[in-house]
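Visitor: I have a model on the screen and some questions about it. Could you take me through it, one feature at a time?

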Amino acid sequence: MGKLVCAMMINGEESLRVLTTAEGVVPRLVKKTPGVGKPYWYWPSIPAGQVIAADFTDAPVATSDEAQNAADIAAITATPQEKLTYG
(Lines give C-alpha, C1' and ligand atoms only; values in the text may rest on other atoms or scores of the structure.)
Protein backbone atom coordinates (compact mmCIF):
# COMPACT_ATOMS: atom_id res chain seq x y z
CA MET A 1 0.00 0.00 0.00
CA GLY A 2 1.09 3.54 -0.64
CA LYS A 3 -0.15 7.10 -0.94
CA LEU A 4 -0.53 8.91 -4.27
CA VAL A 5 -0.92 12.69 -3.90
CA CYS A 6 -2.09 14.61 -6.95
CA ALA A 7 -4.36 17.37 -8.19
CA MET A 8 -7.33 16.26 -10.29
CA MET A 9 -10.17 17.99 -12.12
CA ILE A 10 -13.44 17.04 -10.44
CA ASN A 11 -16.66 18.67 -11.64
CA GLY A 12 -14.61 21.36 -13.40
CA GLU A 13 -12.55 22.28 -10.33
CA GLU A 14 -9.00 21.29 -9.50
CA SER A 15 -8.97 19.32 -6.27
CA LEU A 16 -6.12 17.87 -4.23
CA ARG A 17 -6.46 14.12 -3.71
CA VAL A 18 -4.64 11.63 -1.51
CA LEU A 19 -5.31 8.11 -2.76
CA THR A 20 -4.38 4.86 -1.06
CA THR A 21 -3.01 2.52 -3.70
CA ALA A 22 -2.14 -1.13 -3.96
CA GLU A 23 1.56 -1.84 -4.27
CA GLY A 24 2.86 -1.94 -7.82
CA VAL A 25 -0.08 -0.25 -9.57
CA VAL A 26 1.10 3.36 -9.38
CA PRO A 27 3.25 3.37 -12.57
CA ARG A 28 0.10 2.40 -14.51
CA LEU A 29 -2.33 4.41 -12.39
CA VAL A 30 -0.65 7.80 -12.84
CA LYS A 31 -1.32 7.64 -16.60
CA LYS A 32 -5.00 8.33 -15.80
CA THR A 33 -4.87 9.63 -12.24
CA PRO A 34 -3.70 12.42 -12.32
CA GLY A 35 -3.06 11.91 -16.07
CA VAL A 36 -0.17 12.19 -18.51
CA GLY A 37 1.65 15.50 -18.14
CA LYS A 38 0.44 16.09 -14.57
CA PRO A 39 2.69 16.15 -11.47
CA TYR A 40 2.22 13.81 -8.54
CA TRP A 41 3.93 12.50 -5.42
CA TYR A 42 4.02 8.92 -4.20
CA TRP A 43 5.22 7.63 -0.84
CA PRO A 44 4.82 4.28 0.95
CA SER A 45 3.08 6.24 3.73
CA ILE A 46 2.44 9.80 4.85
CA PRO A 47 1.88 11.25 8.33
CA ALA A 48 -1.68 11.04 9.63
CA GLY A 49 -3.89 14.08 9.25
CA GLN A 50 -5.80 15.97 6.60
CA VAL A 51 -3.60 17.08 3.71
CA ILE A 52 -4.75 20.55 2.63
CA ALA A 53 -1.96 21.49 0.21
CA ALA A 54 0.94 20.00 -1.71
CA ASP A 55 3.99 21.64 -3.26
CA PHE A 56 4.54 19.95 -6.62
CA THR A 57 7.88 21.70 -7.23
CA ASP A 58 10.29 19.04 -8.54
CA ALA A 59 7.54 16.40 -8.52
CA PRO A 60 7.61 13.67 -11.15
CA VAL A 61 5.26 14.18 -14.10
CA ALA A 62 3.11 11.27 -15.27
CA THR A 63 4.01 9.79 -18.66
CA SER A 64 2.36 7.15 -20.82
CA ASP A 65 5.42 4.90 -20.26
CA GLU A 66 4.97 2.71 -17.17
CA ALA A 67 8.70 1.92 -16.95
CA GLN A 68 9.50 5.64 -16.92
CA ASN A 69 6.85 6.27 -14.27
CA ALA A 70 8.32 3.47 -12.13
CA ALA A 71 11.80 4.98 -12.48
CA ASP A 72 10.48 8.43 -11.60
CA ILE A 73 8.74 7.07 -8.50
CA ALA A 74 11.91 5.26 -7.41
CA ALA A 75 13.84 8.53 -7.79
CA ILE A 76 11.63 10.52 -5.41
CA THR A 77 13.81 11.85 -2.59
CA ALA A 78 11.47 14.51 -1.19
CA THR A 79 9.62 13.57 1.97
CA PRO A 80 5.94 14.16 2.75
CA GLN A 81 7.05 16.53 5.53
CA GLU A 82 8.79 18.69 2.90
CA LYS A 83 5.96 18.76 0.37
CA LEU A 84 2.63 18.42 2.19
CA THR A 85 0.72 20.88 4.38
CA TYR A 86 -1.73 19.58 6.95
CA GLY A 87 -4.77 21.34 8.36
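Visitor: W41 and W43: buried or exposed?
Guide: First, the ground rules: this is a predicted model, where local features need pLDDT of at least 70, side-chain atom pairs count only at pLDDT 80 or more, and totals for chains, interfaces and linings use all residues. Residues are numbered from 1 along each chain as its sequence is written, and side-chain values use heavy atoms, with hydrogens and water left out. Buried means under 20% relative accessible area, exposed over 50%, partly exposed in between (1.4 Å probe, protein chains only). W41 and W43 are both buried.

Visitor: How many aromatic pairs are there, by the ring rule?
Guide: Rings of Phe, Tyr and Trp (its six-membered ring) pair if their centres lie within 6.5 Å. By that rule the count is 1 aromatic pair.

Visitor: Why is the pair of W41 and W43 stacked?
Guide: Planes under 30 degrees apart count as stacked, over 60 as edge-to-face and the rest as tilted. The ring centres of W41 and W43 are 5.5 Å apart. Their planes meet at 15°, so the pair is stacked.

Visitor: Why does T21 count as buried?
Guide: T21 sits in strand β2 (residues 13-21). Contact means heavy atoms within 4.5 Å. Beyond neighbours within four places in sequence, T21 contacts M1, G2, K3, L4, V26, L29 and Y42. T21 counts as buried because its relative accessibility is 4%.

Visitor: Where does T33 lie, and what is its relative accessible area?
Guide: T33 is in helix α2 (residues 31-35). Leaving aside neighbours within four places in sequence, T33 contacts L4, C6, M8 and L19. T33 is buried, with a relative accessible area of 15%.

Visitor: How many Å separate the C-alpha atoms of A53 and E82?
Guide: A53 belongs to strand β4 (residues 51-54) and is partly exposed at 30% relative accessibility. Not counting residues up to four places away in sequence, A53 touches L16, K83, L84 and T85. A53 and E82 are 29 residues apart along the chain, and their C-alpha atoms are separated by 11 Å.

Methods
Helix = DSSP H or I, 4+ residues; strand = E, 2+ residues; numbered from the N terminus.
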